Amino acid sequence: MGGSDSAGRLVRPFTLTGGRTRPSRADFTLITTVTAADPQPEGAARPQPEHSRILRLCAEPMAVAELAARLDLPMSVVVIMLCDLLEAGRITVRPPRPVDRTTVDLDLLQKVREGLGRL
């Protein structure tokens with residue numbers, strides 16, 4: 001009743017993105033790794049509180065999906081904010097590495113699958 005949603009958030013997600021609904025870049029997947037730039041660019045405008053929180057969380061490399069979970073925000077909102085930070089030079093992005101299928105241990109994968117089936 002105090003103007004917040006059921007999770008207690010005072011700011012609606014669309015306000016975090018300035019009303020944007022689509023990212024300006026296609027650099028991000030669920031498993032893209034994001035790291036805060038060190039040092040941060042000189043002379044850049046002070047980041048918004050939500051952007052600062054992302055930078056703190058990304059002091060160590062973090063996957064986009066984990067970041068969205070920790071922020072408790074929709075993935076689409078987080079990706080738009082990450083685009084802002086990338087364009088400002090505040091983060092670095094590492095795409096997932098392709099899997100070399102010749103080195104995949106199929107026996108190990110089968111054991112993991114069987115173990116998960118028992119849960």
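Modeller: Let me start with the word "contact": two residues touch when heavy atoms of one lie within 4.5 Å of heavy atoms of the other. Please keep in mind that this is a predicted model.

Colleague: Happy to. Which residues does Thr32 touch, setting aside those up to four places away in sequence?

Modeller: By that rule Thr32 touches Asp27, Met62, Ala63, Val64, Val93, Arg94, Pro95 and Pro96. Thr32 itself sits in the loop between helix 1 (13–16) and strand 1 (33–36).

Colleague: Why is Thr32 called buried?

Modeller: The cut-off for buried is a relative accessible area under 20%. Thr32 has 0%, so Thr32 counts as buried.

Colleague: What makes the pair Thr29 and Thr32 a polar contact?

Modeller: The backbone nitrogen of Thr29 is 2.8 Å from a polar atom of the Thr32 side chain. The limit is 3.5 Å, so this distance of 2.8 Å falls within it.

Colleague: Let's step back to the whole chain. How many helices and strands does the chain have?

Modeller: There are five helices and three strands, and along the sequence they follow the pattern α-β-α-β-α-α-β-α. Of the 119 residues in the chain, 26% are buried.

Colleague: Which residues have the most contacts inside the largest nonpolar core?

Modeller: They are Phe28, Val34, Ile54, Leu67, Val78, Leu82 and Ile91, in a core of 21 residues. Strand 1, helix 2 (49–57), helix 3 (64–71) and helix 4 (75–87) each give two or more residues to this core. Helix 4 gives the most, with eight residues. As for Ile54, beyond its neighbours within four places in sequence, Ile54 is in contact with Leu67, Leu71, Met81, Leu82 and Leu85.

Colleague: What is the angle at which helix 2 and helix 4 pack?

Modeller: About 80 degrees, and their axes are 11 Å apart. Angles of 65 to 115 degrees count as roughly perpendicular, so helix 2 is roughly perpendicular to helix 4. Glu50, His51, Ile54 and Leu55 of helix 2 make the contact with Met81, Leu82, Asp84 and Leu85 of helix 4. Sorted by type, the residues of this contact are five nonpolar, one polar and two charged.

Colleague: His51 is in that list. How do you know that His51 counts as buried?

Modeller: Its relative accessibility is 10%. Since buried means under 20%, His51 qualifies. His51 lies in helix 2 and is in contact with Met81, Asp84 and Leu85, leaving aside neighbours within four places in sequence.

Colleague: And why is Leu85 called buried?

Modeller: The relative accessible area of Leu85 is 2%, under the 20% cut-off, so Leu85 is buried too. Leu85 belongs to helix 4, and the C-alpha atoms of Leu85 and His51 are separated by 7.3 Å although they are 34 residues apart along the chain. Not counting residues up to four places away, Leu85 touches His51, Ile54, Leu55, Arg90 and Ile91.

Colleague: What about Asp72: why is Asp72 called partly exposed?

Modeller: Partly exposed covers values between the 20% limit for buried and the 50% limit for exposed. Asp72 has 49%, so Asp72 falls in that middle class. Asp72 is in the loop between helix 3 and helix 4, and its phi is near 55 degrees, a positive value in a residue other than glycine.

Colleague: One last thing: which residues does a cis peptide bond join?

Modeller: Asp38 and Pro39, with omega about 5 degrees. Pro39 is in the loop between strand 1 and helix 2.

How values were computed
Residues are numbered from 1 along each chain as its sequence is written. This is a predicted model: local features need pLDDT of at least 70, side-chain atom pairs count only at pLDDT 80 or more; totals for chains, interfaces and linings use all residues. Side-chain values use heavy atoms; hydrogens and water are left out. Helices (H or I, at least four residues) and strands (E, at least two) are DSSP runs, numbered from the N terminus. Buried means under 20% relative accessible area, exposed over 50%, partly exposed in between (1.4 Å probe, protein chains only). A polar contact is a pair of N or O atoms within 3.5 Å; within protein, one must be able to donate a hydrogen and the other to accept it, and residues adjacent in sequence count only if both atoms are side-chain atoms. A nonpolar core is a set of buried Ala, Val, Leu, Ile, Met, Phe, Trp, Tyr and Cys residues joined through side-chain atoms within 4.5 Å. Axes are lines fitted to C-alpha atoms, for helices over the stretch in contact, and angles run from 0 to 180 degrees between N-to-C directions. Angles under 35 degrees count as roughly parallel, over 145 as roughly antiparallel, 65 to 115 as roughly perpendicular and the rest as oblique. Ala, Val, Leu, Ile, Met, Phe, Trp, Tyr, Cys and Pro count as nonpolar, Asp, Glu, Lys and Arg as charged, and the others, Gly among them, as polar.
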